[in-house]
Amino acid sequence: MDPRFRLLNGQQLLLAFVGVSVCYLLAKAIYRIYLSPLSKIPGPWYTAASELWFIWKNLGGGSIFAIHDLHQKYGPYVRIAPNTISTADLESVQKIHSTSDVYRKSEYYEKLRREVDTLPVITDLESYRHRRRAYGSAFSNSTLSLMEPAIRRNVDKLIRKIQQVTEAGEKFDLLKWFHLLSLDVLGELCYGLDFGMLQDEKVHPLVEDALSFVLLVTIRAYFPIVNRLKRVLSYVPHPKIQRFLRVEDRVYTFSSWALSNTQHRVHNCKDGKSKITLFSKILDDMNDPDVNVKTKMTMAMVRQEALMIVAAASDTTAITGTFLIWVILRHAEIRRKLVDELRAVTAGSGELDGGITDEKLKQLPYLKVVIMEVMRLYCAGQIALERVVPSGGRQIGPYFLPEETRVCSPIYTLHRDPTVFPDPELFKPERWINPTKSMEVAMLHFGGQSRPCIGQNLAMTELRLLVAGILSSCPDIELADSCTDDSMEVVDHLLINPKSHKCEVQKRKMEIIKS
Ligand code: HEM
């Protein structure tokens, strides 16, 4: 075409495109800040204008502190993204997590469900209820009491390791070892298998695969282009890339094999002597024609649920357990009171532990309040729990929120509300002796009422057995010099962690000198 008749040249076209885009984004930002139904909710302009701040804080870590700072500045309701508000108002939090008017999980989870159809990522109420019913009593206290010997056996292995390592004058990293402990426990409880990680002192390759698998499906859920890249990557002759690409086949093969073994044992051993796992009853129901199809799990579902539990549930207990033992060893008075309490229930048995069951540990009042206070300040998941306003919209505090607005309950902030927990940063177990209703409502350490953590009984049993085992069998240990308040400062990467990513203990120096 004759250049004289061209309306715009290439450069002008590009400029026009950039200009239109900038105007569009500006108009959108202005609408979101000043005109959207959420514009009355306090918050900085940049969180109202775009998602960038929210995404950045979630990906880069530290979102729990950033949201906390916004609440300090703007009050109990803050707009943290154009369509997302965070509320630290207890009445609203209660409403959002109530079982009668359910606010479902957001599309963030739905994307993951396309990759792995497991309980935590189910968003619609009906499917959730069916799956929960299919789990039945798998995580109930009575089922767990059958599995207590397996948990105890692993805790005992860990205690022996602590003794061996510290007796040899070396430091023992609680965080690393609690992680191995949780994984070994979950291996036994999900598959009836001993992964032997406490024995081998490292993560089993199959578990490494399961962890990579969770990473892979998360990446795939949010960046579906990875699926297309898979073909290209399959030509890259790098062993690590090739191994990563085949991770899915490996974990599914393993999970199917391990579960079929469990199913075989369940079928062939009706005398109750076979190893009970969390999935024994579920696998048994699979072939029972009397069980409602809607509340049955298929083998494919169980395979994914078991993998998800092994890969995703171990960190929470390991991290919370690490902070729990750290707090006890850090405060001589708390340690002494717990030792006295344990001694009182095992009087005459010679040993503090003396085979004390979890049923008895549950009754110990001081242990209970110490664990509650640890849950308040150091439970592993202190994220802002995200839900979506149901159809028709809802009044939340002073604001009417349209349907599909995302509402977050910031656990970190709620657990540190000074009107509910005076001196919130102080570790004061005694505050739980006569808790107020508000204190109970503010605690979301195991999630809200409508979607509570399925593994909470298991986690609590493991934590109590850990405290009893360590206090009874390792009286000579103390925090190592490397373990300071600074090294244990809380950092946030989806789960909280100690800043140094370790928590070392050692044999008491006096004891070393004596021996
Ligand atoms: C101290 C340890 C633990 C803590 C602090 C913890 C915390 C939580 C929290 C806060 C939630 C709610 C998440 C949400 O609403 O989005 C949750 C859900 C869940 N947890 Fe845990 N958890 C722990 C241990 C475990 C263990 C040991 C298991 C399994 C064996 C487990 C399995 C689950 C599952 C499956 C869900 C999803 C429930 C649902 O969506 O309905 N958790 N957990």
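Which helices each supply at least two residues of the shell around the ligand? They are helix H17 (314-330) and helix H23 (456-473), where helices are DSSP runs of H or I with at least four residues, numbered from the N terminus. This is a predicted model, in which local features need pLDDT of at least 70, side-chain atom pairs count only at pLDDT 80 or more, and totals for chains, interfaces and linings use all residues. Residues are numbered from 1 along each chain as its sequence is written.

**Around the ligand**
- Of the 20 residues around the ligand, Ala313, Thr316, Gly447, Cys453 and Gly455 come nearest; a residue counts as near if its C-beta atom, placed from the backbone, lies within 6 Å.
- With three residues, H17 gives the most to this shell.
- By class, the shell holds twelve nonpolar residues, seven polar and one charged. Asp, Glu, Lys and Arg count as charged, Ala, Val, Leu, Ile, Met, Phe, Trp, Tyr, Cys and Pro as nonpolar, and the others, Gly among them, as polar.

**Helices H8 and H9**
- Helix H8 (residues 141-167) packs with helix H9 (residues 174-191) at an angle of about 155°, their axes 10 Å apart; axes are lines fitted to C-alpha atoms over the stretch in contact, and angles run from 0 to 180 degrees between N-to-C directions.
- The two are therefore roughly antiparallel, a label for angles over 145 degrees.
- Their contact (C-beta atoms, placed from the backbone, within 7 Å) includes Met147 and Lys161 of H8 and Trp177 and Glu188 of H9.
- Nine nonpolar, one polar and three charged residues make up that contact.

Notes:
Angles under 35 degrees count as roughly parallel, over 145 as roughly antiparallel, 65 to 115 as roughly perpendicular and the rest as oblique. Two residues are in contact if their C-beta atoms, placed from the backbone, lie within 7 Å.
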